Amino acid sequence: MAINLKKIIEMYVLPVSMVVGFLAFLLFEKVQVLEQYRRPISNFVNPIIPACVCVMLYSAFCKVQLEKMKPRKWHLYLLMTQLVLSLVLVGIITFFKDFTYKEALIGALVCVVGPTAASAGVVASKLGGEESTISGFMILSNAVCAVTIPLLLPLVNGRGESHFFLEFLNILRMVFPIIIVPFVLAQLTKLYFKRLYHFMLTKFKDLAFYVWSASLVLITARACSNAYHANLTLINALALLAAAIAVCVVHFGLGRVVGSFFSEKVNAGQAFGQRNMIFCIYVALTYTDPISSIVATLHMLVQNFYNSYQIIEYKK
């Protein structure tokens, strides 16, 4: 009975988290007596999300084997594919400068240049994949995006006067603690805290999955709030949604195609398809505009709906 209950939880925890996040958004947006608490709660929640990412990474890194984190051929092909897609989008945006739905294209570019999500390995493990290989790609992906984001975004958003080195340091300052600190702590745990390491592997082996599910509640509520306060027309909203769906389909599709040549379809699909949308939303708000950031929030919802569907089908 306990096994069946765990299976049911794993199948439906992601869609339930998104529904709870949406209901939380409605509660604080529409119930007048709660409006005064919206900003204090938002300020309290903001630092929780990156903390959740760190916990997820620490849990994931405790389970990986370093020898399996070495770069693989499919890592290189996916990074090359990401660079080509980014350059194509930059070319389209700069050539069609007066395009009506330019914000949708810029939002798509932010999603394409964004790094792999910490939860990619977690979800892949639920689909029969391997966390270690994805963890290696995730580190490479974050290193690459630290260079490509400050290099490409000034070309499309009119901020070309920004200094590359300062932009590079700004992004590196955000990425480095979130990626490297959990990795170092995981290795120290393996070497000097054997009992804690064993406890993480046996009792808390699914910690990252459930931390991600909890953080998804917060992220969904924020995504709904961003979309609601943008005051978009129906056509503009559909354009942003179409961009998010298109990027998501291309990411997961190309990832699985590349992975099929190396018998890594699940791993490559998750590594290339599931992006760190928390990071992408931050980048969009910092380097572009709030409207472009909505594409990232919608992409986050689409990718998690798709992953929920995959987990449900796999667990049947």
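**Figure 1. Gly 114, a buried loop residue between two helices.** With a relative accessibility of 1%, Gly 114 counts as buried (buried means under 20% relative accessible area, exposed over 50%, and partly exposed in between, with a 1.4 Å probe and protein chains only). Gly 114 sits in the loop that runs between helix H5 (102-113) and H6; helices here are DSSP runs of H or I with at least four residues, strands are E runs of at least two, and both are numbered from the N terminus. Leaving out residues up to four places away in sequence, Gly 114 touches Gln 82, Ser 141, Arg 275 and Cys 280, where contact means heavy atoms within 4.5 Å. Look for Ser 86 too: 28 residues separate it from Gly 114 along the chain, and their C-alpha atoms are 10.0 Å apart.

A note for every view: this is a predicted model, in which local features need pLDDT of at least 70 and side-chain atom pairs count only at pLDDT 80 or more, while totals for chains, interfaces and linings use all residues. Residues are numbered from 1 along each chain as its sequence is written, and side-chain values use heavy atoms, with hydrogens and water left out.

**Figure 2. The whole chain, for orientation.** The protein chain has 15 helices and zero strands, and buried residues make up 47% of its 316 residues. Take the contacts between residues at least 6 apart in sequence: 82% of them join residues at least 24 apart. Mean pLDDT (the predictor's confidence in each residue, from 0 to 100) is 80 for the chain, with 89% of residues at 70 or more.

**Figure 3. The largest nonpolar core, seen around Leu 57 and Val 283.** This core has 62 residues, and the ones with the most contacts inside it are Leu 57, Leu 109, Ile 149, Leu 153 and Val 283. A nonpolar core is a set of buried Ala, Val, Leu, Ile, Met, Phe, Trp, Tyr and Cys residues joined through side-chain atoms within 4.5 Å. Setting aside neighbours within four places in sequence, Leu 57 is in contact with Ala 118, Met 138, Ile 178, Ile 179 and Pro 182. Val 283 belongs to helix H14 (residues 277-287) and counts as buried at 1% relative accessibility. With neighbours within four places again left aside, Val 283 is in contact with Val 110, Ile 149, Leu 153 and Thr 288. Gly 107 is 176 residues from Val 283 in sequence, yet 9.9 Å away in space, C-alpha to C-alpha.

**Figure 4. Helix H4 packed with helix H13.** H4 (residues 73-95) and H13 (residues 265-273) pack at an angle of about 35 degrees, and their axes are 11 Å apart. Axes are lines fitted to C-alpha atoms, for helices over the stretch in contact, and angles run from 0 to 180 degrees between N-to-C directions. On the H4 side the contact is made by Trp 74, Leu 78, Thr 81, Gln 82 and Leu 85, and on the H13 side by Asn 267, Ala 268, Ala 271 and Phe 272. Seven of the nine residues of H13 are buried, so H13 is largely enclosed by the rest of the structure. Those buried are Asn 267, Ala 268, Gly 269, Gln 270, Ala 271, Phe 272 and Gly 273. Their cover includes H4, helix H6 (119-126), helix H7 (131-152), helix H12 (234-260) and helix H15 (290-315).

**Figure 5. Ser 263, with its positive phi.** Ser 263 is in the loop between H12 and H13. Its phi is near 55 degrees, a positive value in a residue other than glycine. Most residues other than glycine have a negative phi. At 72% relative accessibility, Ser 263 counts as exposed.

**Figure 6. Glu 29 and His 198, two helix residues.** Glu 29 lies in helix H1 (residues 2-30) and, at 11% relative accessibility, counts as buried. Beyond residues up to four places away in sequence, Glu 29 touches Glu 35, Arg 38, Tyr 228 and His 229. His 198, in helix H10 (residues 194-202), is exposed, with a relative accessible area of 52%. Cys 62 is 136 residues from His 198 in sequence and 9.4 Å from it in space, C-alpha to C-alpha.
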